[in-house]
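Work through the exercises below with the sequence and the 3D view open. Try each task before reading its solution.

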Amino acid sequence: MKNAAGTETGAPINILLNQSTNLPFALTSPADGSDLRGQMVTFEGTGNANEEITLKVINFESQTPKVRVDYTGHWKIEKFLGTGAYTIDITQKNVSTGKVTASLEGLQFNQPAS
């Protein structure tokens, strides 16, 4: 390959930018069955890039936060949890088809009184 001045520049190379990564769907933190400290809890995990993660508290009325898995295959949701025992479901949904592609159901967490 030659540049505009006619000088040999070498072989072309291909560079792939922002390649999406799909990782197994999982909750990496906090561990199921944990006693949590502090009212704002950060749930973190992995999944398929660009899919939607929903965190639903089953045994209390509460807002259901949603986030997208980033291109590296990671997600994070911050959720306020008051004192008490919580049962939580986390689902991963393909945003194009609307189909649930994975779920974790009946996760147990305890937020003890201070």
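**Exercise 1.** Decide whether Phe60 is buried, partly exposed or exposed.

Solution. Step 1: recall the classes, where buried means under 20% relative accessible area, exposed over 50%, and partly exposed in between (1.4 Å probe, protein chains only). Step 2: Phe60 has a relative accessible area of 38%, so Phe60 is partly exposed. Step 3: apply the classes to Tyr86, which at 8% is buried.

The model is predicted: local features need pLDDT of at least 70, and side-chain atom pairs count only at pLDDT 80 or more, while totals for chains, interfaces and linings use all residues. Residues are numbered from 1 along each chain as its sequence is written, and side-chain values use heavy atoms, with hydrogens and water left out.

**Exercise 2.** Find the aromatic pairs and classify each of them.

Solution. Step 1: rings of Phe, Tyr and Trp (its six-membered ring) pair if their centres lie within 6.5 Å; planes under 30 degrees apart count as stacked, over 60 as edge-to-face and the rest as tilted. Step 2: the structure holds two such pairs. Step 3: the ring centres of Phe43 and Phe109 are 5.4 Å apart and the planes stand at 80°, so this pair is edge-to-face. Step 4: Phe43 belongs to strand β2 and Phe109 to strand β7, so the pair ties together parts 66 residues apart in sequence. Strands here (E, at least two residues) are DSSP runs, numbered from the N terminus. Both Phe43 and Phe109 are buried. Step 5: for Phe60 and Tyr86 the centres are 5.0 Å apart and the planes at 45°, so this pair is tilted. Step 6: Phe60 sits in the loop between β3 and β4 (66-68) and Tyr86 in strand β6, so parts 26 residues apart in sequence are tied together.

**Exercise 3.** Which residue forms a salt bridge with Lys93?

Solution. Step 1: a salt bridge needs a side-chain nitrogen of Lys or Arg within 4 Å of a carboxyl oxygen of Asp or Glu. Step 2: the structure holds one salt bridge. Step 3: the partner of Lys93 is Glu52, with the closest N and O atoms 3.5 Å apart. Step 4: Glu52 lies in strand β3 (residues 52-57) and Lys93 in strand β6 (residues 84-93), so the pair ties together parts that are 41 residues apart in sequence. Step 5: Glu52 is buried at 15%, whereas Lys93 is partly exposed at 27%.

**Exercise 4.** Describe how β6 pairs with β3 and with β7.

Solution. Step 1: two strands pair if DSSP finds at least two bridges between them. Step 2: β3 and β6 are antiparallel and share six bridges; in β6, Thr91 is the bridge partner of Thr54. Step 3: β6 and β7 also run antiparallel, joined by nine bridges. Val100 in β7 is the bridge partner of Lys93. Step 4: the hairpin of β6 and β7 has six residues between the strands, and Gly98 there takes a positive phi near 80°. Step 5: seven of the ten residues of β6 are buried, so this strand is largely enclosed by the rest of the structure.

**Exercise 5.** What surrounds Gln111?

Solution. Step 1: Gln111 lies in strand β7 (residues 100-111) and is buried, with a relative accessible area of 3%. Step 2: contact means heavy atoms within 4.5 Å. Not counting residues up to four places away in sequence, Gln111 touches several residues, including Leu36, Val41, Leu81 and Tyr86. Step 3: a polar atom of the Gln111 side chain lies 2.9 Å from the backbone oxygen of Leu81.

How values were computed. Helices (H or I, at least four residues) and strands (E, at least two) are DSSP runs, numbered from the N terminus. A polar contact is a pair of N or O atoms within 3.5 Å; within protein, one must be able to donate a hydrogen and the other to accept it, and residues adjacent in sequence count only if both atoms are side-chain atoms.
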